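Hi,

Here is the structure I said I would pass on. Have a look at it first, and my notes on what turned up in it follow below.

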Amino acid sequence: MAIAKAERLMNLALCLLGTRRPLSKRELRESIEAYVEAFGSGTGGDDSFNRMFERDKDDLRELGLVIETVESLDGEVGYLARRDSNRLPPITLDAEEAAALGLAAKVWQQARLAGAASGALQKLRAAGLPEDVDPYEAHGALEPRIPVHEAAFEPLMLACRDRRPVVFDYRKANAAQPEPRHVEPWALECWRGHWYLAGFDRDRGAERVFRLSRITGKVRSRGGRFTAPVPDVVTVRETVAGWAGETADRSARIRLRADAGYPLRARATAVRELGDGWDELEIPYGHGLDAWLVEFGPDVVVLEPAELRADVVDRLRAVAKG
């Protein structure tokens, strides 16, 4: 069974690499002997074939093959793997570079990418990584971890890698119900313990940043190419920081329950004990601060300015209705 699957994947990869135009599922089904033997050349067993084909395609992408999804003018979806996108120069790594890659792989040991990270190191060894270099040994005292709990992370990571448009349901902090977003994903980044996606929002015709924890349901891939250019440098962290008020030039005054809201305390410019289990804080105030304060629920009361207090109340009412 393992040999049969490996042969099927090899034939699919060669077929996608050898074509000059996108091939539809029907054409691939009729061209690859393993598919013909399993399902015939007609239309019978379409559901079973589609499931096998999607698994095979995902397996090839996991192995590193860049497969493009292209939609023709008549709406038919085709697939191909361009040779220039799947050709790498010779890889040479010194001990320091190998250690850095090993440390990066170690970050994912407790995440869903653990298997992929381990596999990547094996591929690097096959490509010339020195056998006498232990990627973990030089930094054995470090135990970096990046938590990945959102189900949307893996499909979005693959979509960013393969430059595939996606659609997902997204709930804004001040909205009671999620709404669909059609996005061309650029990059993922972890900031202050949360994962964010930067990309081009087709519905709004502009760059947007999405917090993965607010994505509901499945992330679905869409055919076709990107319609907007991808920036050379995607500044996810800077964009999120701006929306979160990190570049604020004003101050807000809030009441915070004692022994709560440590991220707010870390940013406070002044703290005063009020007694009865409450403290008063002055914190930088910029765009997006209202969304952040809502996350602390009943532990925070906004005193001033009035517009910030009103924004927080509106967001809390929207959450209560949802």
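Before the details, the burial terms: buried means under 20% relative accessible area, exposed means over 50%, and partly exposed is anything in between, using a 1.4 Å probe and protein chains only. This is a predicted model, so local features need pLDDT of at least 70 and side-chain atom pairs count only at pLDDT 80 or more, while totals for chains, interfaces and linings use all residues. Residues are numbered from 1 along each chain as its sequence is written, and side-chain values use heavy atoms, with hydrogens and water left out.

Helices (H or I, at least four residues) and strands (E, at least two) are DSSP runs, numbered from the N terminus. Two strands pair if DSSP finds at least two bridges between them.

A nonpolar core here is a set of buried Ala, Val, Leu, Ile, Met, Phe, Trp, Tyr and Cys residues joined through side-chain atoms within 4.5 Å. The largest one has 17 residues, and Leu 12, Leu 16, Leu 28, Tyr 35, Phe 53 and Leu 60 touch the most other members. Two or more residues each come from α1 (2–18), α3 (33–39) and α4 (46–62). Leaving out residues up to four places away in sequence, Leu 12 is in contact (heavy atoms within 4.5 Å) with Leu 28, Ile 32, Tyr 35, Phe 53, Asp 56, Lys 57 and Leu 60. Another core of 16 residues lies apart from it, with Tyr 285, Leu 293, Val 294 and Phe 296 among them.

Helix α4 also passes a quick geometry check. The expected span of a helix is 1.5 Å times one less than its number of residues; for the 17 residues of α4 that gives 24 Å, and the end C-alpha atoms are 24 Å apart, which agrees. Its buried residues are Phe 49, Met 52, Phe 53, Asp 56, Lys 57, Leu 60 and Arg 61. After α4 comes Gly 64, with a positive phi near 110°.

**The five-stranded sheet**

This open sheet has five strands in the order β7-β6-β5-β4-β8, with antiparallel pairing. β7 and β8 (215–221) are the edge strands, each pairing on one side only. On average, neighbouring strands are turned by 45° against each other, direction ignored. For angles in general, axes are lines fitted to C-alpha atoms, for helices over the stretch in contact, and the angles run from 0 to 180 degrees between N-to-C directions. Helix α7 (residues 153–162) packs on the sheet, where it touches β4, β5, β6 and β8, and its direction makes about 90° with that of β5.

Strand β6 (residues 194–201) has seven of its eight residues buried, so it is largely enclosed by the rest of the structure. Eight bridges join it to the antiparallel strand β5 (residues 179–191), and six link it to β7 (residues 206–211), again antiparallel. Leu 197 in β6 faces Leu 188 as its opposite number, and its bridge partner in β7 is Phe 210. β6 and β7 form a hairpin with four residues between them, and Gly 205 in the turn has a positive phi of about 65°.

Trp 191 belongs to β5 and is buried, at 11% relative accessible area. Its C-alpha atom is 9.8 Å from that of Glu 238, which sits 47 residues away along the chain.

**The four-stranded sheet**

The order here is β10-β11-β9-β12, another open sheet with antiparallel pairing. β10 (270–275) and β12 (300–304) stand at the edges with a single partner strand each, so one side of each has no neighbour in the sheet. The twist averages 30° from one strand to the next. Eight bridges pair β9 (residues 250–257) with β11 (residues 278–285), and Arg 250 stands opposite Tyr 285 in β11. Helix α11 (residues 306–321) lies across β9, β11 and β12, at about 150° to β12.

- Glu 304 and Pro 305 are joined by a cis peptide bond with omega about 5°; Pro 305 is in the loop between β12 and α11.
- Arg 163, in the loop between α7 and β4, has a positive phi of about 55° although it is not a glycine. Arg 163 is partly exposed, at 39% relative accessible area.
- Asp 276, in the loop between β10 and β11, also has a positive phi of about 55° without being a glycine. At 78% relative accessibility, Asp 276 counts as exposed.

Cheers
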